[in-house]
Amino acid sequence: MNTNRLSDPLAKALNDQMTNEAHNAQIYLSYAAWASNNGYDGIANFLFRHSNEERNHMMKVLEYILKRGGKVVVTAIPEAGPDPVSVNDCFEKVFNSEVENTSKIYSIVDLSLLEKDWATWNFMQWFVKEQTEEETMALDLLAKIKKAGGATANDDALYNLDNDLGKTPDDAILAQDTSVENP
């Protein structure tokens with residue numbers, strides 16, 4: 001008896017997203033190692049934690065495919081790409097990676113809507129919200145480095161930024177989570 005409840009196109013898209021989440025984990029891991037090698041232990045800690053978060057996203061997709069009776073296809077993870085050349089470049093790369101990931105997630109949402117696969121559409125809503133959070137976090141990082149001087153930030157500003165990011169929580173505050181009492 002066939003228990004698969006995913007169309008071939010959706011199964012492929014979800015498997016591709018699983019690989020993409022693993023790739024994003026590698027990107028964060030690579031940037032964290034770069035930051036650590038350059039003496040930015042607070043930034044490295046922040047990026048290491050986000051690498052783990054991306055691996056958790058990968059596992060959510062993997063488990064969903066299995067629960068829907070689909071076949072998980074594990075493929076090679078693309079290289080993370082070149083190291084950042086500066087803290088500013090690192091945060092710009094993080095932002096661009098998150099925006100690209102959002103686009104891929106939206107494509108799966110569009111496909112699930114087109115196919116009227118409401119279970120997948122519903123599952124992907126968690127990722128839609130998560131990407132709002134991830135993009136907000138990336139924009140917050142860019143704003144912090146801009147205040148520190150951007151591409152020309154001096155060592156004192158980078159030292160303070162590094163200390164700040166070591167203590168920064170992993171979750172960004174989203175617009176839908178604010179209120180008059182809790183802006």
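Rings of Phe, Tyr and Trp (its six-membered ring) pair when their centres lie within 6.5 Å; planes under 30 degrees apart count as stacked, over 60 as edge-to-face and the rest as tilted. The count by this rule comes to four aromatic pairs. One of them joins Tyr64 and Phe123, which are stacked at 4.1 Å centre to centre with 10 degrees between the planes. Tyr64 lies in helix 2 (residues 41-67) and Phe123 in helix 4, so this pair ties together parts that are 59 residues apart in sequence. Another pair, Trp126 with Phe127, is edge-to-face, with 4.9 Å centre to centre and 85 degrees between the planes.

Phe127 is buried, with a relative accessible area of 1%; Tyr64 is buried at 11%, and Phe123 is buried at 18%. Trp126 is partly exposed at 38%. Lys60 lies over the face of Trp126, at 4.7 Å from the ring centre. That label applies when NZ of Lys or CZ of Arg is within 6 Å of the ring centre and within 35 degrees of the ring normal.

## How to read the model

Residues are numbered from 1 along each chain as its sequence is written, and side-chain values use heavy atoms, with hydrogens and water left out. As this is a predicted model, local features need pLDDT of at least 70 and side-chain atom pairs count only at pLDDT 80 or more, while totals for chains, interfaces and linings use all residues.

## Overall build

The protein has five helices and zero strands, so the elements run α-α-α-α-α from the N terminus on; helices (H or I, at least four residues) and strands (E, at least two) are DSSP runs, numbered from the N terminus. The C-alpha atoms fill a box of roughly 65 × 45 × 20 Å, taken along the principal axes. Of the 183 residues, 44% count as buried.

## The nonpolar core

In soluble globular proteins, nonpolar side chains tend to be buried together. A nonpolar core is a set of buried Ala, Val, Leu, Ile, Met, Phe, Trp, Tyr and Cys residues joined through side-chain atoms within 4.5 Å. Which residues have the most contacts inside the largest core? They are Ile43, Leu47, Val87, Phe91 and Ile145, in a core of 25 residues. Helix 1 (8-37), helix 2, helix 3, helix 4 and helix 5 (155-167) each give two or more residues to this core. The largest share, six residues, comes from helix 1.

Phe46 lies in helix 2 and is buried, at 0% relative accessibility.

## Salt bridges

Side chains of opposite charge can pair when their charged atoms come close. A salt bridge is a side-chain nitrogen of Lys or Arg within 4 Å of a carboxyl oxygen of Asp or Glu, and by this rule the count comes to four. Asp16 and Lys12 meet in one of them (2.9 Å, N to O); both lie in helix 1, four residues apart, about one turn of the helix. Asp16 is partly exposed at 41%, whereas Lys12 is exposed at 52%.

Glu100 and Lys104 form another salt bridge (3.2 Å, N to O), and both lie in helix 3, four residues apart. Asp164 and Lys144 also meet in a salt bridge (2.7 Å, N to O). Asp164 lies in helix 5 and Lys144 in helix 4, so this pair ties together parts that are 20 residues apart in sequence. Asp164 is partly exposed at 36%, and Lys144 is partly exposed at 28%.

Where is Lys116? Lys116 sits in the loop between helix 3 (87-115) and helix 4, and it is exposed at 60% relative accessibility. Most residues other than glycine have a negative phi. Lys116 has a positive phi of about 60 degrees although it is not a glycine.

Definitions and conventions
Buried means under 20% relative accessible area, exposed over 50%, partly exposed in between (1.4 Å probe, protein chains only).
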